[in-house]
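Welcome, and please have your viewer ready. We will go from one selection to the next and look at what is there.

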Amino acid sequence: MLNEILLGGSIATISGVVGFFISKKISSANFEVYVESAKAKASAIESEAQILLQKAKIESEKIELKAKQEFENVKERAKADLSQREEKIAKKEQSFKRYKQNEEQKLQDERTILKSKKIDLQRNEKSLETLKKQYVQKIEDVLHTIEHSAGMTQQEAKDTLLAKIEEKSRADIAHIVRKYEIEAKKEAKKKAGYILAQATSRFAGEFASERLTNLVHLDNDELKGRIIGKEGRNIKALETLMGVDIIIDDTPNAIAISSFNLYRRAIATKTLQLLVEDGRIQPARIEEIFEKVSDEFEEAILNEGEDIVLELGVGVMHPELMKLIGRLRYRASYGQNALAHTLEVAHLAGVMAAEMGGDPILAKRAGLLHDIGKALTHDQEGNHVDLGAEVCKRYDEDSVVINAIYAHHGHEDINSIECGAVCAGDALSAARPGARREVLESFLKRVTQIEEIATAHIGVKQAYAINAGREVRVLVNATLVNDDESVLIAREIAKDIEDKVNYPGEIKVNVIREIRSVEFAK
C-alpha cells in the first residue's frame, strides 16, 4: 500500500514537471534534465519509504511479542488467584462442616440432658405424690384417734364449743352493741348533716345538659352544595373520616352534625368550620384539615388536664392521666358532662374530707380520678370502673384512689375517710335535681354497644354508629378482608346486633372496604 502511494506520488511529480515545461515551452534538452532529476528524487523517496516500512514491521513485531508476554503473565496470575480462592473456599467448607458437627453434637447432648432431667422430674413428682398421700393418711389417723378418745367427731366438737361460747356471750354482746349502735346513729346523723351542709353550701356548680347535635353556620346556602360535592363525594368523605352524621336540610344558613360521641362531634364541627372558611372543599383537603384539627384537640385536652390538676393543687400526675382528664370534657353520663361532674365530686370530696379529719388533697385527687375510666369507654371494651382502676394502677396511683374508683359503684367496701368523701360527693353531684337525664344515657349505652359489637369482628378497623343509632358504618382492613368476606361480616354484625341489643325499628349495617395506592414523584 505504501509502495502504491509512493509510486502515485512520483507519477504525480513527473506529470507536474511535464506540465510545467509544456506551459513554459522549455526546450527538450532542459526537459530531459528535469526528468532525470525528478526520477532521482522519486527513487530517493522510494528508498526512504522502504526503510520506514521495514522499521514499522520490526516495531509491530516487538509490540505483538510484548502483548503476548503480558497476556501470558496475566493468565498465570489469574490461575494462581483462582487456585488460592478455591483453597480458601475448601478450608471454609471444612470449617463449616466441623462447626455443624459440633453444634449437632451439642444439641444431641442437650437433648440427652433434658431427657434425663425429665425422667428425674417425673420420679420426683411420683415421690412427692406418695409423700402427700402418706401425710394425709397420717392426719386422718390422728383425727380418728382423737375422735375415738373424745367420743365425738371433729365437726361435733367444733359446733359444741362455738355454741357454748355464743350462749355465754350473747347477752353481754347484745347489750353493748345496742348501746353503742344507738349512740353511733345519733352522732353519725348529726355529723353527716353538718358535713353535707358545709360541702353543699361552699360549692355551687353550673349545669348544662349535653346535646347530640352541633350547628355549623354558613354565610349562604350555596355552600351546602359544595359540602355535598359532586355525586355526594365530599359529604361521604366527611362522614366516613370523622364518624358523624351530617344533616343538610332546609334550615337556612346552617347544617347539623349529629353523633353521640362528643369528642368526634367537636372535631367534626371545627373541621367543617375551617373548611367553610378556607373554601377548598375536596376529599384531600378534608383529610388534611381533619388531621390538623385532631392534633390540635389532642394538644388542647392535655393542656386542659394540666390546668385542672394545677388549679386543684393535687400534686404531680402522669401526663397520660392529665390527658384523660381533659378528654372527660367530651364525655357525658345521663346528659351530665363528665368533666363538670368530676370537678364537682373533687371539690365536694375535699371539703367533706377536711371536715372529717381526712386528707383533703388526697380526697380531691381521688374525686378527680374516680370516673377517669369514662374517657376510655368509647375506645376500649369494659366498664369505666375496671378501665379506670387499671389505668390508675398502671401509673402507680395511691391505693385510696383505686379504692374510690371501685367503691363509688359498690365494687369494694369503703376503706378510708377520703374514699367515703368521694362516694358521698359522687352521690350529691349525680342525684341533685336536673343533673342527669336517663333517656340520653340509655341511648348512649345502646350506640356504644353497637360500635363494640362491630369492632369485635376480625378485620374491622373502625366502626361509627350514626343517624341516631339507626345506622352503623364499619371500615374494614382491605388487606385482610376481601369483597366476599365484607358481605359475611355485614351479616354477622347484623345478627349479633339482633341478638344482643334492644332497639326500636331497624339498624342499617354498612361495611366499607377501600384500597389506596400512594406513590411520590421525586
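Start with the aromatic rings: this predicted model has a count of 3 aromatic pairs. Select Tyr263 and Phe297, an edge-to-face pair with 6.1 Å from centre to centre and 80° between the planes. Tyr263 belongs to helix 6 (residues 262-278) and Phe297 to helix 7 (residues 283-312), so turn the view until you see both helices; the pair links parts of the chain 34 residues apart. Tyr263 is buried, with a relative accessible area of 8%, and Phe297 is buried too, at 14%.

Tyr330 sits in the loop between helix 8 (319-327) and strand 4 (332-333), so its pairing with Phe297 in helix 7 ties together parts 33 residues apart in sequence. Tyr330 is buried as well, with a relative accessible area of 18%. Show the three residues together: Tyr263, Phe297 and Tyr330 make up one aromatic cluster.

Which charged residue sits over the ring of Tyr263? Select Arg327: its charged end is 4.1 Å from the centre of that ring.

Next, go to helix 2 (residues 28-150) and pick Tyr135. Tyr135 counts as exposed because its relative accessibility is 55%, over the 50% cut-off.

Finish at helix 9 (residues 338-355), which spans 26 Å from first C-alpha to last. Of its 18 residues, 13 are buried.

Methods. Residues numbered from 1 in each chain as written. Predicted model: local features only at pLDDT ≥ 70, side-chain atom pairs only at ≥ 80, totals over all residues. Heavy atoms only, no water. Helix = DSSP H or I, 4+ residues; strand = E, 2+ residues; numbered from the N terminus. Expected span 1.5 Å × (residues − 1). Buried < 20%, exposed > 50% of the residue type's maximum accessible area, 1.4 Å probe, protein only. Phe/Tyr/Trp six-rings, centres within 6.5 Å; stacked < 30°, edge-to-face > 60°. Lys NZ or Arg CZ within 6 Å of the ring centre and 35° of its normal.
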